[in-house]
There are 2 protein chains.
Amino acid sequence: MYEVLAKSIREKVFLNEDEMQLCASFFTPKKLRKKQYLLQEGDVCRYTAFVEKGALRSYHVDKKDQEHLIQFAFEGWWIADSYSFLTEEPSAYNIDALEDAELLLLTLPAQEELLLKVPKMERYFRILLQKSLIAMQRRVVSSLSYTAEEKYIKLMEAYPNISQRVAQQQIASYLGITPETLSRIRKQLASGK
Amino acid sequence: MYEVLAKSIREKVFLNEDEMQLCASFFTPKKLRKKQYLLQEGDVCRYTAFVEKGALRSYHVDKKDQEHLIQFAFEGWWIADSYSFLTEEPSAYNIDALEDAELLLLTLPAQEELLLKVPKMERYFRILLQKSLIAMQRRVVSSLSYTAEEKYIKLMEAYPNISQRVAQQQIASYLGITPETLSRIRKQLASGK
DNA sequence: TAATCTGCTTGATTTAGATCAAGGGTATTT
DNA sequence: AAATACCCTTGATCTAAATCAAGCAGATTA
């Protein structure tokens with residue numbers, strides 16, 4: 001159950017077996033069925049979730065009822081609404097499972113105690129956040145600088161297997177375009193290059 | 001010279017005077033004139049900069065020579081191209097001063113040593129990154145979910161004084177719209193609401 | 001097996017915002 | 001004080017992508 005997490009941690013900091021065990025003890029395992037919510041708009045985000053298996057997404061629903069995908073999370077990734085998690089204010093986002101999933105949940109008090117007992121984990125989270133920030137920043141640049149087609153190509157280069165895991169409408173939502181536009185782009189790329 | 005930094009640190013972690021002094025010793029002060037570069041595209045980003053005074057921006061120039069503003073940085077903020085800083089690969093971005101500025105620079109080796117000598121700073125940087133990530137995420141949601149006008153209104157709500165500090169074209173670039181469109185939006189909002 | 005969903009495609013039309021172009025005001029430079 | 005640069009505004013036109021609308025194939029359910 002904790003292999004993926006242990007691997008994620010060991011890539012960034014050195015923990016001995018005891019520390020790793022202690023660390024694991026702060027997490028609660030949870031299984032999620034496809035389409036099941038981990039977080040619904042209006043609720044406080046009580047967990048940061050580590051994905052051991054499966055796939056989740058976080059998304060925002062605008063006033064025209066359109067979904068906008070904020071983040072995918074596959075094996076080895078974390079997902080949450082950090083703002084709601086930290087402030088305990090109701091979330092404006094939703095998180096649900098795109099596939100059946102196995103998660104390891106960490107509450108805010110558990111995280112705080114974990115960081116007290118295993119201070120090396122400060123480093124783990126710092127490095128993690130650094131990487132997330134770089135990815136987010138890249139996405140901002142992408143949304144500012146590129147056309148729909150360029151954004152799609154860049155996404156496919158960065159995550160070549162993503163189209164095997166998630167529906168095209170999810171990818172369209174992530175890119176900030178409509179499924180129709182994505183379909184036309186793919187047609188265009190498939191034909192005359 | 002280090003007051004703003006010391007305040008930023010004390011808001012997040014407790015350091016005694018000695019630790020604070022030690023901490024400060026890893027930074028190099030630097031003054032930048034308006035329009036002067038801190039980082040140019042193609043160079044490796046050798047510093048993360050803490051802004052003690054003044055204002056900077058990071059931006060990307062696309063193939064049509066258009067600038068896209070990634071981030072503003074005023075007093076108390078950090079700025080860098082984290083990707084280039086961490087990987088030592090050439091940066092795709094530029095950073096320059098919007099106003100004369102006073103910076104405190106931290107190189108990667110200096111940061112590493114700082115974190116070794118003052119491990120509490122892991123926590124400082126973690127908290128900092130958490131906040132940056134939340135802000136970035138909000139920006140992604142904004143770019144996916146809102147119209148130009150809504151994005152502008154939200155920016156003004158979040159940073160009411162920004163228009164006194166930076167030119168409208170910079171704000172337009174940050175929002176991902178043209179200066180013409182921003183001008184029209186402002187006219188619209190000023191008149192009949 | 002038929003029936004209802006769900007996801008994808010394709011076509012016609014619309015639209016938000018971009019682009020192109022010009023003019024005016026206010027700093028900054030000479 | 002003139003010259004130059006920079007920034008903002010306004011108008012006319014264009015365009016990438018959205019919206020609206022159908023139809024179809026594969027999966028799920030009855």
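A salt bridge is here a side-chain nitrogen of Lys or Arg within 4 Å of a carboxyl oxygen of Asp or Glu, and by that rule six salt bridges are found across the interface of chain A and chain B. The model is a predicted one, and in it chain A and chain B bury about 3500 Å² between them, with 64% of that area on carbon and sulfur atoms.

**Relation of the two chains**

- Chain A is superposed on chain B by a rotation of 180° with 0.0 Å of shift along the axis, at an RMSD of 0.0 Å, and because of this the two chains are related as by a two-fold axis.
- Within chain A, the C-alpha nearest the axis belongs to R126(A), which places that atom 2.2 Å from the axis.
- The same surface serves both copies, given that 97% of the contact residues of chain A recur in chain B.

**Make-up of the interface**

- Chain A brings 37 residues to the contact, while chain B brings 36 residues.
- Between chain A and chain B, 10 residue pairs are counted in polar contact, both residues of each pair being at pLDDT 80 or more.
- On the side of chain A that touches chain B, at least two residues each come from β5 (67-73), α3 (82-87), α5 (120-145) and α8 (168-175) of chain A.
- The element that gives the most to this side of chain A is α5(A), with 18 residues.
- Sorted by class, the side of chain A that touches chain B consists of 18 nonpolar, 10 polar and nine charged residues.

**Salt bridges between and within chains**

- Over all chains the structure holds 26 salt bridges, and six of the salt bridges lie across the interface of chain A and chain B.
- K63(B) pairs with E150(A) in a salt bridge, and the closest N and O atoms of these two residues are 2.1 Å apart.
- Inside chain A, R46(A) forms a salt bridge with E88(A), for which the closest N and O atoms are 2.7 Å apart.
- This pair links distant parts of the chain, 42 residues apart, with R46(A) in the loop between β2 (37-39) and β3 (47-53) of chain A and E88(A) in the loop between α3 and β7 (93-97) of chain A.

**Annotated region of chain A**

- An unreviewed UniProt entry places the feature "domain: Cyclic nucleotide-binding" at residues 30-115 of chain A.
- In the model, residues 30-115 of chain A are 16% helix and 47% strand, and the end C-alpha atoms of this span lie 22 Å apart.

Key: Residues are numbered from 1 along each chain as its sequence is written. Chains are lettered from A and ligands numbered from 1 in the order in which they are written. This is a predicted model: local features need pLDDT of at least 70, side-chain atom pairs count only at pLDDT 80 or more; totals for chains, interfaces and linings use all residues. Side-chain values use heavy atoms; hydrogens and water are left out. Copies are superposed by least squares on the C-alpha atoms of residues with pLDDT of at least 70 in both. Contact means heavy atoms within 4.5 Å. Buried area is the accessible area (1.4 Å probe) that two parts lose on being put together, summed over both. A polar contact is a pair of N or O atoms within 3.5 Å; within protein, one must be able to donate a hydrogen and the other to accept it, and residues adjacent in sequence count only if both atoms are side-chain atoms. Helices (H or I, at least four residues) and strands (E, at least two) are DSSP runs, numbered from the N terminus. Ala, Val, Leu, Ile, Met, Phe, Trp, Tyr, Cys and Pro count as nonpolar, Asp, Glu, Lys and Arg as charged, and the others, Gly among them, as polar. UniProt positions are given in the numbering used here, feature names are shortened, and annotations may be inferred rather than shown by experiment.
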